Amino acid sequence: MSTIIPLPQPVQKAITELLAAPSANGWMKRAQALHLRYMQQERNSQQRHVSEALDALAYLGLRAPATYAQIWGAAAAVGEIVPHWQPTTLLDLGCGPGSGLWALTELFPSLSQATGIDQSAHFLTLGRQILSASQAALAVTWQQADLLHHLQQTETVYDVVLLANVLNE
């Protein structure tokens, strides 16, 4: 297994284009501030690290590749333990811009439907843009919601439920 887990090429290309857009100007300065908040565990008054579109872009450039690699590594280990498992549905709680969706789609090509839940509309917008640009065959429903509220309201059964980097963020 490789020690460096690269993003899928279509995802990397979509992220590069999003970060190079004129509207993304300033994301690197915002990434520095975001990194500092993470290191100091500071959040805004709503207990969120990401509250604006530029914060979401900063996260995309700063943390999304590492988050992808973490999730990919854990899911790859599951795939080794259960090599014939072919999940078709995914619920990604706290999906952010879709790092978990990208990782699990790479590892489990049998996935055909996913639901991504996040509090941040900015993350969901990026997720939709990246999914569209990457032309992934995965059908994704993106929902802005509080995770606990969503879980209390749904009776849908999923093959995979992902909760990554949420409880401490």
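**Overall size and sheet**

Modeller: This is a predicted model. A compact globule of 169 residues would have a radius of gyration near 15 Å; the chain has 16 Å, so the two agree.

Colleague: What does the C-alpha trace span along its principal axes?
Modeller: About 45 × 35 × 30 Å.

Colleague: How many helices and strands are there in the chain?
Modeller: There are 7 helices and 4 strands. Along the sequence they follow the pattern α-α-α-α-β-α-β-α-β-α-β.

Colleague: In what order do the strands sit in the sheet?
Modeller: The order is S3-S2-S1-S4. The sheet is open, and its pairing is parallel.

Colleague: Which strands stand at the edges?
Modeller: Strand S3 (139-144) and strand S4 (160-163). Each has a single partner strand, so one side of each has no neighbour in the sheet. From one strand to the next, the twist averages 15°.

Colleague: How many bridges pair S1 with S2?
Modeller: S1 (residues 89-93) and S2 (residues 113-118) pair over 5 bridges. In one of them, Leu-91 has Thr-115 in S2 as its bridge partner.

Colleague: And how many join S2 to S3?
Modeller: 6 bridges, with the strands running parallel. The chain goes from S2 through H6 to S3, and that β-α-β crossover is right-handed.

Colleague: Where does H6 lie?
Modeller: Helix H6 (residues 121-134) lies across S2 and S3. H6 runs at about 165° to S3.

Colleague: New topic. What share of the residues is buried?
Modeller: 42% of the 169 residues. The chain exposes about 9,400 Å², with carbon and sulfur atoms supplying 54% of it.

Terms used:
Residues are numbered from 1 along each chain as its sequence is written. This is a predicted model: local features need pLDDT of at least 70, side-chain atom pairs count only at pLDDT 80 or more; totals for chains, interfaces and linings use all residues. Side-chain values use heavy atoms; hydrogens and water are left out. Two strands pair if DSSP finds at least two bridges between them. Helices (H or I, at least four residues) and strands (E, at least two) are DSSP runs, numbered from the N terminus. Axes are lines fitted to C-alpha atoms, for helices over the stretch in contact, and angles run from 0 to 180 degrees between N-to-C directions. Contact means heavy atoms within 4.5 Å. A crossover is right-handed if, with the strands pointing away from the viewer, the path from the first strand over the helix to the second runs clockwise. The radius of gyration is taken over C-alpha atoms; the globule rule is 2.2 Å times the number of residues to the power 0.38. Buried means under 20% relative accessible area, exposed over 50%, partly exposed in between (1.4 Å probe, protein chains only). Accessible areas come from the Shrake-Rupley method with a 1.4 Å probe; for residues, only the protein chains shown count as cover.
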